[in-house]
Amino acid sequence: MNKTAVDCLKKDDLILIAGGGGFIGGALAAYFSDQGFTRIRCVDKKPLSQWYQHIDGVEEICADLSEEANCIDACKDAREVYNLAADMGGMGFIERFRIECLRSILINTHLIEAAQKAGVERYFYSSSACVYNTDLQKDPKVRALKESDAYPAMAERGYGWEKLVSEMFCEEYTAERGMKTAIARFHNVYGPWGTWDGGREKAPAAICRKVIEAKDASKHDIEIWGDGEQTRSFMYIDDCVQGIDMITHCDDLVATAINLGSDELVSINQLVSYCEDIGSVTLERNYKLDAPKGVAGRNSDNTFIQKTLDWAPGTSLRAGLELTYAWIETQFNARKAGEDFVND
Ligand code: NAD
């Protein structure tokens with residue numbers, strides 16, 4: 001039986017979620033709140049008006065965690081810390097803004113030090129499949145990536161290297177200073193309350209939005225980045241937060257990076273077909289071959305997580321997309337009607 005926060009914490013222990021105004025941080029706060037935890041502190045540098053979720057009873061602090069003093073304040077009294085804060089986005093963002101991605105190293109560097117000094121018991125770090133050696137991802141028919149494929153290192157420039165070095169920080173804080181750390185390598189997370197517009201959105205949200213926009217404008221075509229043959233796997237947000245909880249509280253996974261992703265591999269063209277199907281529309285596809293498209297193929301090898309937790313993300317892409325498409329359509333219509341962000 002896997003242990004979770006409910007087995008390891010008292011309901012009034014303080015849980016800190018860095019990046020709690022973002023997509024996954026917000027979903028994690030909602031998840032812990034639903035489990036009955038009463039002291040959840042979310043910290044994010046975005047103004048509160050831009051946070052994706054506001055959850056009753058959750059403490060919300062707007063602060064820049066790349067500054068040491070803010071990390072020290074944030075960690076006060078915390079029993080567990082979850083670091084979901086990073087300057088990140090889809091391929092359009094991480095290929096263009098490598099310096100911003102690299103600078104996220106400051107967040108983890110200060111936060112983990114502050115956490116350890118504050119006596120935090122468990123520290124979770126959100127790593128990424130972008131740590132994997134890019135030489136192994138040149139073919140759309142990839143073999144799935146297993147944890148050992150991160151070394152010898154040839155990570156995604158900028159974003160991937162920052163993640164790899166931050167993973168190492170976690171490993172060493174356990175080895176040298178005894179704090180329990182947990183490291184999950186997320187593979188493309190999507191779902192309601194995710195970024196769906198503005199340049200940081202990832203493929204599932206971007207395609208849902210483009211189909212919705214085309215329908216709304218009675219357009220008959222859609223722009224696709226690359227030739228559409230690049231492959232990926234996509235994990236639904238509910239699987240992600242459940243996985244974070246189990247990984248963080250598994251004593252066999254202390255300071256051990258593990259894949260947290262779906263192993264349902266699809267091409268971007270298949271993703272478009274799902275979205276068209278959900279939107280009951282067929283669109284002509286215009287391939288933008290010079291757009292950012294990332295590696296040719298990437299999938300999660302779930303052997304290790306299956307063996308360790310007897311569990312792996314299980315929501316099918318079709319089912320998760322249906323919920324995501326419906327949510328984005330609501331947001332789109334609300335924006336069109338001049339309403340603010342719809343928060344339910
Ligand atoms: P997100 O952009 O929605 O959330 C990240 C949050 O961090 C944002 O709200 C941002 O304002 C905040 N932030 C950035 N810099 C900060 C700072 N200096 N101080 C305080 N807050 C700061 O992204 P997300 O999808 O929720 O991702 C969460 C974590 O998971 C990140 O570490 C990301 O790299 C990792 N990850 C996400 C995916 C994915 O598919 N979403 C895949 C792999 C890894």
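How many nonpolar, polar and charged residues does the shell around the ligand have? By class, the shell comprises 13 nonpolar, eight polar and seven charged residues; here Ala, Val, Leu, Ile, Met, Phe, Trp, Tyr, Cys and Pro count as nonpolar, Asp, Glu, Lys and Arg as charged, and the others, Gly among them, as polar.

This is a predicted model, in which local features need pLDDT of at least 70 and side-chain atom pairs count only at pLDDT 80 or more, whereas totals for chains, interfaces and linings use all residues. Residues are numbered from 1 along each chain as its sequence is written, and side-chain values use heavy atoms, with hydrogens and water left out.

**The ligand and its shell**

Select the ligand and the residues around it. The ligand is surrounded by 28 residues, a residue being near a molecule or strand if one of its heavy atoms lies within 4 Å of it. The closest are Ile 24, Asp 44, Asp 64, Tyr 159 and Val 189.

Next, display the polar contacts, which are pairs of N or O atoms within 3.5 Å; within protein, one must be able to donate a hydrogen and the other to accept it, and residues adjacent in sequence count only if both atoms are side-chain atoms. At Leu 65, a backbone N or O atom is 2.8 Å from a nitrogen atom of the ligand. At Tyr 159, a polar side-chain atom lies 2.6 Å from an oxygen atom of the ligand. At Lys 202, an N or O atom in the side chain is 2.9 Å from an oxygen atom of the ligand.

On its own the ligand has 820 Å² of accessible area, and the protein covers 95% of that area. Accessible areas come from the Shrake-Rupley method with a 1.4 Å probe; for residues, only the protein chains shown count as cover.

Now colour by secondary structure, where helices (H or I, at least four residues) and strands (E, at least two) are DSSP runs, numbered from the N terminus. Helix H2 (23-34), strand E5 (122-128) and helix H7 (159-177) are the elements that give two or more residues to the shell around the ligand. Of these, E5 gives the most, with three residues.

**Salt bridges**

Side chains of opposite charge can pair when their charged atoms come close. The structure holds 27 salt bridges, each a side-chain nitrogen of Lys or Arg within 4 Å of a carboxyl oxygen of Asp or Glu.

Select Lys 10, Asp 13, Arg 79, Glu 80, Glu 121 and Arg 122, which are linked in a network of salt bridges. Within this group, the closest N and O atoms of Asp 13 and Lys 10 are 3.7 Å apart. Asp 13 is buried, at a relative accessible area of 9%, whereas Lys 10 is exposed, at 52%; buried means under 20% relative accessible area, exposed over 50%, and partly exposed in between (1.4 Å probe, protein chains only). Arg 122 pairs with Glu 121 in a salt bridge whose closest N and O atoms are 3.5 Å apart. Arg 122 is buried, with a relative accessible area of 5%, while Glu 121 is partly exposed, with 32%.

Move to Asp 73, which forms a salt bridge with Lys 76, the closest N and O atoms being 3.2 Å apart. Asp 73 is partly exposed at 44% relative accessible area, and Lys 76 is partly exposed at 46%.

Select Thr 248 in helix H9 (residues 237-248). Thr 248 is buried, with a relative accessible area of 6%. Beyond its neighbours within four places in sequence, Thr 248 is in contact (heavy atoms within 4.5 Å) with Tyr 82, Arg 122, Phe 124 and Ala 182.

Ala 257 belongs to strand E11 and is buried, at 12% relative accessibility. Not counting residues up to four places away in sequence, Ala 257 touches Glu 147, Glu 167, Ile 183, Arg 185 and Phe 304.

**Backbone features**

Most residues other than glycine have a negative phi, and most peptide bonds are trans. Select Tyr 151 and Pro 152, between which the peptide bond is cis, with omega near 0°. Pro 152 lies in the loop between E5 and H7.

Ala 255 has a positive phi, near 55°, and is found in the loop between H9 and strand E11 (257-260). With 19% relative accessibility, Ala 255 counts as buried.

Finish at Asp 310, where phi is also positive, near 55°. Asp 310 sits in the loop between helix H11 (303-309) and helix H12 (317-336) and counts as exposed, at 66% relative accessibility.
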